Amino acid sequence: MTRLQGTRAMGAGLVAGALTALAMPPLHWLPLAVAGLVVFVWLWDGAPTARIAGWRAWWWGVGHFIVGSYWMLEAFFVPPADFALLGPPAIVGLAMVLGVFPGLAAWTTKALVLRWPQFGSRYRRLVLLAIAWTATEWLRGHVFTGYPWNPLGHVWAFATPLLQGAALVGVYGLGTLTFIVLAAPAAGWRAALGALAAVGVAGVAGQQAMPPVVADGPMIRIVQPNVPQAEKWRPENQARELKKLIDLSRREGFDRLAAVVWPETAVPFVVQPESPGLSALATAAPRGGFLLAGAARAGAVVQDGVWNSLLAITPDGEVAATFDKVHLVPFGEYIPFHKEWPPLTGLVGRGSFEKGDAFATISLPGLPSFSPLICYEAIFPAEVTAPDAARPAWLLNVTNDAWFGTSSGPYQHLTSARLRTIEEGLPMIRAANTGVSAVIDAFGRVIASLEMEREGVVDHALPPPRAATLYARRHDWTLLGLLTILAMFVLIARSQPRG
């Protein structure tokens with residue numbers, strides 16, 4: 001593999017990256033990630049220049065992100081599917097942009113090794129590549145509003161004990177260690193055996209860190225209406241959808257609930273002050289409790305702006321609290337400068353949502369305080385709670401993944417949500433329109449769920465939080481500490497011949 005040159009090396013990178021993506025949820029084909037990352041290292045080894053190393057890694061990234069992000073294609077074909085023909089080139093174009101990040105990691109490290117050959121020894125090069133991989137993965141999660149989808153640490157989602165390291169160094173730090181472990185065979189059989197032993201130790205340690213499942217908080221009902229996206233906003237369906245939501249909310253056991261949770265934009269109309277529909281929504285709020293509903297919200301004049309919001313509604317029809325989504329999807333939920341250039345607004349569904357002011361901690365009578373997250377806000381590490389507010393007791397994620405059918409997207413979104421609970425040490429209640437709705441404890445365990453494309457409810461007591469984790473207290477400073485330790489290894493370790 002190290003002898004491949006030209007288009008053969010580029011093709012090998014493309015295939016290896018694509019295979020690595022199959023180790024992500026929901027398939028979890030981990031051996032393919034081992035093979036894919038070993039090929040990544042071999043192609044890097046065989047590159048005679050930094051530029052060629054970068055190009056090979058870029059092709060690897062293109063294959064990886066086409067397979068890892070193919071689920072976006074589903075949204076282009078939701079009726080009326082006016083932009084269906086743009087779907088495939090959009091996915092390929094996105095992959096070509098995202099491929100820059102592994103390409104940058106390979107280019108940088110190759111340049112360093114060509115300047116200081118001792119860094120290219122058997123073990124040092126793996127650690128050096130892992131550091132660069134993590135740095136560029138972190139950049140991918142932050143530049144241009146960020147796209148931290150499918151970080152490498154997600155390959156362990158099939159084994160919850162192996163995710164527990166995220167409580168210390170976050171998912172990016174978990175990805176650093178994952179790169180070293182999965183690419184270890186490129187350093188020889190001894191390194192491969194050592195990596196296998198490390199996984200075993202991490203699994204045992206993670207299992208020991210997780211106490212028995214406990215859930216003794218207020219009773220919460222999650223409503224999963226399972227409304228197809230093509231039918232969601234049709235005016236003729238509004239009354240039917242609202243009745244379904246209310247009927248599901250008021251099923252047997254309604255009187256013992258502290259809250260009912262509806263998914264993102266579940267309310268089939270724009271909620272405004274003094275909206276007549278609030279009285280109907282109030283019937284889904286249990287006595288002494290709240291309806292926590294995802295809804296499009298506007299002021300007295302809709303033309304002044306619409307927000308993607310979570311509303312806390314009382315049985316009296318009062319809106320007790322409001323949270324507006326802060327981290328909007330570029331070109332999916334808003335268009336930059338849409339107010340300055342109104343013709344652009346019509347290109348995004350019903351228009352462009354307005355950005356919320358800030359993350360918040362919401363406190364309501366009868367409920368522990370919580371941090372609301374709307375849709376993909378749950379994929380951003382260290383950005384799921386209000387930085388200046390008191391630590392919440394749980395996370396609430398309302399989402400609508402109906403755009404993506406039963407593709408890998410909703411399952412990968414769920415994995416991101418699980419990682420946030422481990423990082424923050426907080427349980428999560430997750431309501432998804434078509435699934436997967438779930439109750440997740442503070443260790444990332446899904447203790448109750450409703451699978452894809454099923455209509456129904458989940459009634460469950462709220463799990464307790466754990467003590468604030470190291471990552472919750474220090475966030476990405478812990479990642480920097482890990483990378484510093486690894487960098488010291490690269491600088492001071494005795495050189496080993498390649499083999």
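The structure is a predicted model, in which local features need pLDDT of at least 70 and side-chain atom pairs count only at pLDDT 80 or more, while totals for chains, interfaces and linings use all residues. Residues are numbered from 1 along each chain as its sequence is written, and side-chain values use heavy atoms, with hydrogens and water left out. The protein chain has 14 helices and 12 strands; helices (H or I, at least four residues) and strands (E, at least two) are DSSP runs, numbered from the N terminus.

**Overall build**

- The radius of gyration of the protein chain is 24 Å, close to the 23 Å that the globule rule gives for 499 residues, so the chain is as compact as a globular protein of that length. This radius is taken over C-alpha atoms, and the globule rule is 2.2 Å times the number of residues to the power 0.38.
- Along the principal axes, the C-alpha atoms of the protein chain fill a box of roughly 75 × 50 × 35 Å.
- Of the 499 residues, 56% count as buried. Buried means under 20% relative accessible area, exposed means over 50%, and partly exposed lies in between (1.4 Å probe, protein chains only).
- Among the contacts with a separation of 6 or more, 71% are between residues 24 or more positions apart; a contact means heavy atoms within 4.5 Å.

**Surface and charge**

- The protein chain exposes about 20800 Å², and carbon and sulfur atoms supply 65% of this area. Accessible areas come from the Shrake-Rupley method with a 1.4 Å probe; for residues, only the protein chains shown count as cover.
- There are 37 positive and 33 negative side chains, and the centres of the two sets lie 15 Å apart. Lys and Arg count as positive and Asp and Glu as negative, whereas His and the chain ends are not counted. The place of a charge is taken as NZ of Lys, CZ of Arg, CG of Asp or CD of Glu.

**Salt bridges**

- The structure holds 12 salt bridges, each defined as a side-chain nitrogen of Lys or Arg within 4 Å of a carboxyl oxygen of Asp or Glu.
- One of them joins the side chains of arginine 221 and aspartate 459, at 2.7 Å from N to O. This pair links distant parts of the chain, with arginine 221 in strand E1 (residues 219-224) and aspartate 459 in strand E12 (residues 456-461), 238 residues apart.
- Arginine 221 counts as buried because its relative accessibility is 0%, whereas aspartate 459, at 26%, counts as partly exposed.
- Glutamate 231 forms a salt bridge with arginine 240, with 3.4 Å between the closest N and O atoms. Glutamate 231 has a relative accessibility of 31% and therefore counts as partly exposed.
- Lysine 244 and glutamate 455 also meet through their side chains in a salt bridge, at 3.4 Å from N to O. Here too the pair links distant parts of the chain: lysine 244 lies in helix H10 (residues 238-249) and glutamate 455 in the loop between strand E11 (446-450) and E12, 211 residues apart.
- Lysine 244 counts as partly exposed at 24% relative accessibility, and glutamate 455 counts as partly exposed at 44%.

**Backbone features**

- The peptide bond from proline 25 to proline 26 is cis, with omega near 5°; proline 26 lies in the loop between helix H1 (6-21) and helix H2 (30-46).
- The peptide bond from proline 79 to proline 80 is also cis, with omega near 15°; proline 80 is placed in the loop between helix H4 (73-76) and helix H5 (87-98).
- Asparagine 226, although not a glycine, has a positive phi of about 55°, and is located in the loop between E1 and H10.
- Histidine 475, likewise not a glycine, has a positive phi of about 50°. Histidine 475 occupies the loop between helix H13 (470-474) and helix H14 (476-492) and is partly exposed, with a relative accessible area of 23%.

**Individual positions**

- Glycine 305 lies in the loop between strand E3 (290-298) and strand E4 (306-313) and counts as buried at 6% relative accessibility.
- Not counting residues up to four places away in sequence, glycine 305 touches Arg297, Ala298, Gly299 and Glu354.
- Glutamine 208 belongs to helix H9 (residues 189-209) and counts as exposed at 66% relative accessibility.
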